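Please examine the sequence and the model shown here, beginning with the ligand and its surroundings.

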Amino acid sequence: MSDKYFPGKVEAKWQSRWEETDLYRQQVELDRPKHYALTMLPYPSGDLHIGHWYAMVPSDARARFMRMKGFNVLFPMGFDSFGLPAENAAIERQTHPAKWTYANIKRMRHQLHTMGAMFDWNREAISSDPSYFQWSQWFFKKLLAMDLAYRKKAAVDFCPHCNTTLAREQVWGDDRHCERCGTPVIKKELEQWFFRTTNYADELLDFSEINWPDRVRTMQTNWIGRSIGADVVFKTESGNPIPIFTTRPDTLWGATFMVLAPEHQLVEEITTEEQLADVTAYRAQADKLDDIVRENVDREKTGVFTGGYAINPVNGERIPIWVADYVLMSYGSGAIMAVPAHDERDFEFATKYDLEIVEVIRAPQRTDDSPLTEAYISKSEGSLINSGAFDGISTEGAVDKVTEWLEESGFGRKAVNYRLRDWLISRQRYWGAPIPIIYCSDHGAVPVPDDQLPVMLPEDVEFMPTGESPLKFNDSFSHTSCPICGQPALRETDTMDTFMCSSWYQYRYLSPHYEEGPFDPYEGNYWLPVDQYTGGIEHATMHLIYTRFFTKTMKGMGLVDFNEPMLALYNQGMVLGEDGEKMSKSRGNVVSPDELVEKFGADTVRTYLMFFAKWDQGGPWNYDGIKGPQRLLYDIWEISNLDYKPIEVNDESTRNLQRKTHQVIRKVTEDLESFSFNTAVAAIMELRNSMIDARRSLDVASEVWNEAIESTLLLLAPIAPHISEELWSRIGNPYSIHQQEWPAWNEEFVKEDAITLVIQINGKIRDKIEVAADADEDTFREIALSSETIRKWLDGQEPRKIVVVRGKLVNIVV
Ligand code: ANZ
């Protein structure tokens with residue numbers, strides 16, 4: 001190979017060598033500590049973009065670092081390959097989703113190879129492979145057997161023009177229109193399958209066993225949304241119960257009206273003749289809105305009076321019942337007691353519609369009975385008024401007292417509510433794992449027997465949008481016989497949410513070809529759980545909750561003996577376009593990794609991606625910025641290829657390079673430990689600078705020079721794996737650098753030999769003295785006081801105070 005650095009050549013050479021020698025094959029080694037490093041698997045959209053690189057490359061560097069530190073590291077890769085885009089492509093391009101998907105996988109696998117990552121391709125798992133989704137189906141059956149899966153009617157978004165159900169991401173805008181044709185979507189009720197994620201709400205709130213970022217924990221906590229309060233039963237005038245959930249039972253006496261969600265089943269019964277037209281129109285309007293829009297606190301409140309009244313159980317007051325869309329059917333009981341004096345939304349509503357406002361919590365600073373100008377919402381300050389026997393008690397603790405009384409008097413009881421919903425997993429789609437259920441008129445929903453799994457997807461399917469799963473119109477698929485009685489029966493034609501497939505992929509990676517179960521327990525016992533997970537924050541609430549839920553159910557199945565799938569998590573930031581905006585084709589600011597690799601080589605791109613920003617923050621791409629890392633690699637190439645012979649060894653220069661080398665080893669080690677890749681690269685740059693100085697002066701002892709070179713290559717190996725491998729072999733070291741031990745630093749060598757101690761009197765610099773860097777405070781003080789110059793300045797005055805800043809200065813105050 002030539003003496004010039006041609007990244008393309010070097011990289012191709014080592015990628016094939018690594019492959020030929022199975023360098024990244026990762027096997028169980030019971031006597032070695034393991035480290036399971038996992039990065040989120042990609043969706044095979046067709047092109048590996050810079051975001052993939054940004055997620056995977058530093059993860060790879062971290063995994064390589066752990067390997068060199070002596071761990072047996074597993075770092076697998078695969079594809080989350082079911083899902084909507086494949087089906088859309090099929091409709092648009094008249095091709096089959098499988099064809100589109102597998103062509104993309106092939107292309108992306110090739111692109112992934114150019115990255116030079118230590119993926120163990122023997123463990124590749126692809127969620128649309130029958131050998132994978134067979135186990136997704138098997139899990140579905142397990143969950144069903146454990147009563148963690150059930151079926152009920154639920155609304156889906158439906159485009160009446162395209163005649164198809166839509167996924168969340170296909171519904172656009174506040175008016176919620178179809179992404180394809182712009183028609184406003186409507187809701188349609190369908191029988192669908194759910195997983196009981198809510199059974200695990202409390203366990204999911206417990207993060208004590210995992211080291212996850214605060215941000216993710218907060219997002220999950222809010223998503224699960226645990227609220228403590230009370231269920232209280234109000235009654236209609238005719239005596240029909242209307243249960244409500246409130247977090248403020250202490251404000252019950254201030255409930256001056258009730259609000260039902262438009263979908264509430266009591267609305268029809270309560271609504272009077274005169275109000276019927278208004279209520280009906282309002283309900284139709286509300287039906288078009290998504291819960292997310294309805295929940296928005298800033299939206300102007302709207303509603304209509306039903307004409308009906310309810311009785312407040314605690315004081316017998318007759319209060320009007322309204323219908324308003326800010327009350328959601330999906331939370332609590334779908335009905336609320338409205339307390340305008342102490343709830344902001346209710347206050348806004350009451351003000352708008354001129355409803356009564358009764359103050360029941362008196363703020364400490366309030367002295368008169370003037371009308372409230374806003375809701376008083378404090379839960380800790382103030383005391384109860386207008387509240388019967390509770391008048392005068394402090395707000396603090398009032399919730400508990402009132403709840404106790406409610407239980408005694410039979411009006412209600414303590415209750416906990418969660419925002420978390422059960423997980424709707426049915427999709428009216430073709431390109432997913434078929435839900436393994438057969439409907440028999442005699443036996444109901446019968447699971448497909450294990451020996452008939454996987455339920456395969458038929459190939460000859462029409463992809464024209466129909467509003468239901470294309471599988472429904474494929475007779476050879478949908479018509480079957482009941483596994484119990486053999487009578488003609490129909491298959492479930494919905495497929496599973498792809499989040500189901502990605503909830504357990506980390507287990508399938510262990511043994512993607514294993515046929516006796518979802519994973520080989522021998523592999524599982526060794527590798528599990530995942531030690532380090534890396535991926536985007538956008539998955540905080542869906543995937544990262546689902547996979548935790550899944551693992552908890554797997555523990556229930558006896559498949560694993562731990563509670564949490566991933567012990568540690570790190571979220572990377574995002575690479576933006578050069579204009580600082582999110583990359584998008586329409587903005588024309590997309591950076592293509594293929595072109596970059598072509599132009600600069602993978603190692604430079606890798607180094608740049610780790611260097612240009614703090615990994616968890618990310619930032620804008622910068623073509624000028626890539627020159628620094630590029631220079632670094634060229635310099636290291638040049639320096640390492642040098643035939644170094646000192647002319648005359650100088651002890652100080654030798655010591656300086658040795659110190660720098662050991663300092664940088666320490667710095668890079670600590671930085672890679674803590675995902676601080678940018679500062680690690682910067683430290684290697686410093687070492688490079690010191691070597692350039694030494695090369696100029698040619699006065700550093702050869703052993704120290706060689707140690708500097710070797711250390712640089714070892715430190716660089718996780719970051720730029722190809723060039724470091726090449727140079728490692730060029731300086732005569734054995735293959736492979738990636739199997740070497742991580743360099744250690746020597747504390748003795750790290751120390752600065754001497755520092756310049758600044759001595760001040762009353763803050764003014766009066767002397768500077770060279771002292772040993774590691775001297776203690778007393779020594780510094782003594783040295784300062786015994787200085788001839790200082791003694792002159794002090795001129796016999798007694799110091800009032802001596803301030804010592806270790807390793808820097810002594811300030812004498814007189
Ligand atoms: C009376 C009240 C008085 C309330 C007060 C709050 C303050 P979180 O904390 O999110 O759980 N609520 C109950 N069900 C609802 C639904 N389906 N749609 C919209 N709002 C609903 O919120 C609980 C509070 O949200 C409940 O407590 C209820 O209003 C309202 F000074 O009851 B509260």
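Predicted model: local features only at pLDDT ≥ 70, side-chain atom pairs only at ≥ 80, totals over all residues.

Residues are numbered from 1 along each chain as its sequence is written, and side-chain values use heavy atoms, with hydrogens and water left out.

The ligand is surrounded by 18 residues, each having a heavy atom within 4 Å of it. The closest are Ser227, Thr246, Leu328, Tyr331 and Arg419. This shell comprises eight nonpolar, six polar and four charged residues, where Ala, Val, Leu, Ile, Met, Phe, Trp, Tyr, Cys and Pro count as nonpolar, Asp, Glu, Lys and Arg as charged, and the others, Gly among them, as polar. At least two shell residues come from each of β11 (241-246) and β15 (335-338); strands are DSSP runs of E with at least two residues, and helices are runs of H or I with at least four, numbered from the N terminus.

An oxygen atom of the ligand lies 2.8 Å from a side-chain N or O atom of Arg419, and an oxygen atom of the ligand lies 3.0 Å from a polar backbone atom of Thr247.

Helix α4 (residues 97-114) contains 18 residues. Its buried residues (under 20% relative accessible area, 1.4 Å probe, protein chains only) include Trp100, Ile105, Met108 and Leu112. Viewed down the axis of α4, the buried residues fall within an arc of 130 degrees, so they line one face of the helix; the arc is taken over the directions from the helix axis to the C-beta atoms. The face turned away from the buried side of α4 carries Lys99, Lys106 and His110, which are exposed, that is, over 50%.

Notes:
Polar contact = N/O pair within 3.5 Å; in protein donor to acceptor, adjacent residues only side chain to side chain. Expected span 1.5 Å × (residues − 1).
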